[in-house]
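Please read the points below alongside the sequence and the model.

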Amino acid sequence: MLFRYFCIGILNTLVHWLSFGFCFLYLDLSQGLSNVVGFFISASLSYVLNAKFNFKVKLNYLNYFIFLLALGSLSYFIGSVCDELDANPVLTLVLSSFLNFILGFYFSKFYVFRGN
């Protein structure tokens, strides 16, 4: 299961980074907003793929919403702090990707997909 989660995570990271780049470079959004938009897009993909291939459960939209709210808040916070520090956007992406991968796995395993 961890290997499949890792492969889905790589795909989601790519989607997140591309979405972030589009929002930040072309829509001129802040790092905080770009990061949360990228997260929402990639997390939606992640939720569906993990429900089907890793946890083999039916979609539960309340759990999905709580997942988006919790980890989306973290993504926005990281991007906003990097905005305030005038940090390189790559730092936002690396920190968010790392923390969302680790926390997302445990949050998914023990809450989002638990008992569905």
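1. Two residues are said to be in contact when heavy atoms of theirs lie within 4.5 Å. The model is a predicted one, in which local features need pLDDT of at least 70 and side-chain atom pairs count only at pLDDT 80 or more, whereas totals for chains, interfaces and linings use all residues. Residues are numbered from 1 along each chain as its sequence is written, and side-chain values use heavy atoms, with hydrogens and water left out.

2. The protein has 4 helices and 0 strands, where helices (H or I, at least four residues) and strands (E, at least two) are DSSP runs numbered from the N terminus. Read from that end, the order of elements is α-α-α-α.

3. As to overall dimensions, the C-alpha atoms fill a box of roughly 40 × 25 × 20 Å along the principal axes. Of the contacts between residues at least 6 apart in sequence, 74% join residues at least 24 apart.

4. Helix α1 (residues 2-26) and helix α2 (residues 31-54) have axes that come within 8 Å and cross at roughly 155 degrees, so α1 is roughly antiparallel to α2 (angles over 145 degrees count as such, on a scale from 0 to 180 degrees between N-to-C directions). The contact of α1 with α2 comprises 13 nonpolar, 11 polar and 1 charged residues; Ala, Val, Leu, Ile, Met, Phe, Trp, Tyr, Cys and Pro count as nonpolar, Asp, Glu, Lys and Arg as charged, and the others, Gly among them, as polar.

5. Helix α1 also packs with helix α4 (residues 89-112), at an angle of about 150 degrees and with the axes 10 Å apart, and therefore α1 is roughly antiparallel to α4 as well. This contact involves, among others, Trp17 and Phe20 of α1 and Phe101 and Phe105 of α4. By class, the contact of α1 with α4 has 11 nonpolar, 7 polar and no charged residues.

6. Leaving aside neighbours within four places in sequence, His16 is in contact with Asn35, Gly38, Phe39, Ser42, Leu93 and Ser96.

Terms used:
Parallel < 35°, antiparallel > 145°, perpendicular 65-115°, else oblique.
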